[in-house]
Amino acid sequence: MKGSGMRRRMVVAIGGNSLIKDRQHQDVRSQYIAAHETTEHVAALVEDGWDVVIGHGNGPQVGFILRRSDLAAHELHRVPLDVCGADTQGAIGYALAQNLQNRLRRDGVRTSVVAVVTQVEVDRDDPAFGRPSKPVGSFLDEDAARRHREEDGWDVARDADRGWRRVVASPEPRRIVELDAIRTLVESGAVVVAAGGGGIPVAADAAGDLLGVEAVIDKDLACSLLARELGAELFLITTSVERVALDFGTPRARWVDHLTLEQARAYLAEGTHFAEGSMAPKIRAVCEFLEGGGERAVITDPEHVEAALRGEAGTSVTAGSSRTRDPREFADTT
């Protein structure tokens, strides 16, 4: 190992863009190559002495399984949403673990990489179940949407002008079911892939038994919970932008190098800086991590991970002063 002294622990939440670059690169081979590129950056963290736990998105992959299920419904059974989550955790975990293991072996690092199919418990009484809002699966015409609602009990909603889609709840993660096993693996020196896609959503029945539920857990919130439970010092979120911006997408956009926890919460509460479908859950996850005792959180793109940890890129959220940058300055330095 390159690092020395007491080891440090981080949880890395890998965004979906790290696995599917565009519509022309959605096949399994392309996703494997994208996983290879992503794990190159993770390997550098391991070699620098970090104990690393990796979470990842799975939205597109779950969508592919649901689409295949739709196309084959005349001949085969449909795949429940919780099983889609388990399937994608296995496939993506395999790609990440194998690529990372190969890279570490080539560098002479003797470290096991283990993918854990992870359940995450949610509360059956979570208010999210009363207002399902997370789109999943294919676009539908109105007749198909009505039929699924009547025959299958789906909640459906119109998605802009593109048609109808099934919507499900996105409840808060409450417990990482396999936490003890993950902790044991990390403490043994293994790199662990866990809580993929936010984990398989499960809830306890009246007898206390866990059962899968038709829901989607935000992967950044689940990774934040995992980071807190593991006592991680650092929570790293990779996404499609190098830094967080305030008033993103407007002429007033300012790129942020650093935020305090208090500032992050205030900007989140304003409701105008971070979109719910993209940056808002990440900021919320970061705040929960820091409020739970974490020391530092970083949001950046995969290419700038190492620089971001040195404070030379990305957006850090801690207790301290903040700086913003004019977008033109940002453009000149990337």
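How many bridges join β6 to strand β7? Four of them do, and the two strands run antiparallel. Welcome to a short tour of this predicted model, in which local features need pLDDT of at least 70, side-chain atom pairs count only at pLDDT 80 or more, and totals for chains, interfaces and linings use all residues. Residues are numbered from 1 along each chain as its sequence is written, and side-chain values use heavy atoms, with hydrogens and water left out.

**Confidence**
- The chain has a mean pLDDT (the predictor's confidence in each residue, from 0 to 100) of 89, and 93% of its residues reach 70 or more.
- Residues 1–5 have pLDDT below 50, with ten contacts (heavy atoms within 4.5 Å) beyond near neighbours in sequence.
- Residues 326–334 are also below 50, and this stretch has nine such contacts.

**The three-stranded sheet**
- Strands (DSSP runs of E, at least two residues, numbered from the N terminus) β5, β7 and β6 form an open sheet in the order β5-β7-β6, with antiparallel pairing (pairing needs at least two DSSP bridges).
- β5 (134–140) and β6 (155–158) each have a single partner strand, so one side of each is left without a neighbour in the sheet.
- On average, neighbouring strands here are turned by 35° against each other, direction ignored.
- Val 156 has Arg 166 as its bridge partner in β7, a strand that spans residues 164–168.
- Helix α4 (residues 142–152) lies across β5, β6 and β7, at about 125° to β5; angles run from 0 to 180 degrees between N-to-C directions, with axes fitted to C-alpha atoms, for helices over the stretch in contact.

**The four-stranded sheet**
- A second open sheet has the order β8-β4-β10-β11, and its pairing is mixed.
- β8 (175–176) and β11 (210–212) are the edge strands, each pairing on one side only.
- Two bridges pair β4 (residues 119–121) with β8 in the antiparallel sense, and Val 120 has Ile 176 as its bridge partner in β8.
- Helix α3 packs on this sheet, touching β10 (200–204) and β11, and its direction makes about 135° with that of β10.

**Helices α1 and α3**
- The axes of α1 (residues 28–47) and α3 (residues 81–106), both helices (DSSP runs of H or I, at least four residues), come within 8 Å and cross at roughly 50°.
- The contact includes Tyr 32, His 36 and Val 46 of α1 and Leu 96, Asn 99 and Arg 103 of α3.
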